[in-house]
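Visitor: Could you walk me through this model and tell me what the labels rest on?
Guide: Gladly; have a look first, and then ask away.

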Amino acid sequence: MKKFADVLIVIDLQNGVCTGVGNLYNLDDLLIKVNKRISLYRELDKPVIFVQHCDDELVPEEDPWNINSKIDFRKQDLFVRKTHANSFYKTNLKDLLDTLSIHSIEFCGAQTEYCMDATIKFSHGLGYKNYMVRKATSTLNNAYMSAKETIHFYENIWSHRFLEFIED
């Protein structure tokens, strides 16, 4: 039997993040994987929350800020705006999770070493049980590691410390 959490949180899969400064590593596979998880949560009548980053390059309501059109988002989904890597920082995310009586969270999205890492670790510190499907996050190459190496590095740090990996 496949595992799932009380809620699926999709972080920063916005146009400007996915393709704005170069395509995220393995973007097409990531979008397929995320949509598969969204579909599962909808079948189970579980909430899906989309977190959207806002800054000078990701201006609300402008195209780079919008969720990537290949992602299956709907009006009835929940949306949170953030201005920091940590999705909980100065947002209504914690209040929203409390209102929904959430105890466990499945994460997916971008960027691995920034918003994903900060949010996963903070969520763990708040006492949530965190889950993720392997390779359900992506990033760009950087000066120190390739995107593939970065994803592997962070998945290794998160595993059994900050979250549990589950089957796709």
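**Surface, size and strand β5**

Guide: Let's start with the surface: the protein chain of this predicted model has an accessible area of about 8700 Å², and 51% of that belongs to carbon and sulfur atoms.

Visitor: What makes the radius of gyration agree with a compact globule?
Guide: The rule takes 2.2 Å times the number of residues to the power 0.38. For 168 residues that gives a value near 15 Å, and the protein chain has 15 Å, so the two agree. The C-alpha trace spans about 40 × 35 × 30 Å along its principal axes.

Visitor: How do you know that strand β5 is largely enclosed by the rest of the structure?
Guide: A residue counts as buried under 20% relative accessible area. Four of the five residues in β5 (residues 129–133) are buried, so the strand is largely enclosed. Across the protein chain, 48% of the 168 residues are buried.

Visitor: Why is the unit of β4, helix α4 and β5 called right-handed?
Guide: The term applies if, with the strands pointing away from the viewer, the path over the helix runs clockwise. The β-α-β unit of β4, α4 (residues 112–125) and β5 is right-handed.

Conventions
Residues are numbered from 1 along each chain as its sequence is written. This is a predicted model: local features need pLDDT of at least 70, side-chain atom pairs count only at pLDDT 80 or more; totals for chains, interfaces and linings use all residues. Side-chain values use heavy atoms; hydrogens and water are left out. Buried means under 20% relative accessible area, exposed over 50%, partly exposed in between (1.4 Å probe, protein chains only). Helices (H or I, at least four residues) and strands (E, at least two) are DSSP runs, numbered from the N terminus. Accessible areas come from the Shrake-Rupley method with a 1.4 Å probe; for residues, only the protein chains shown count as cover.
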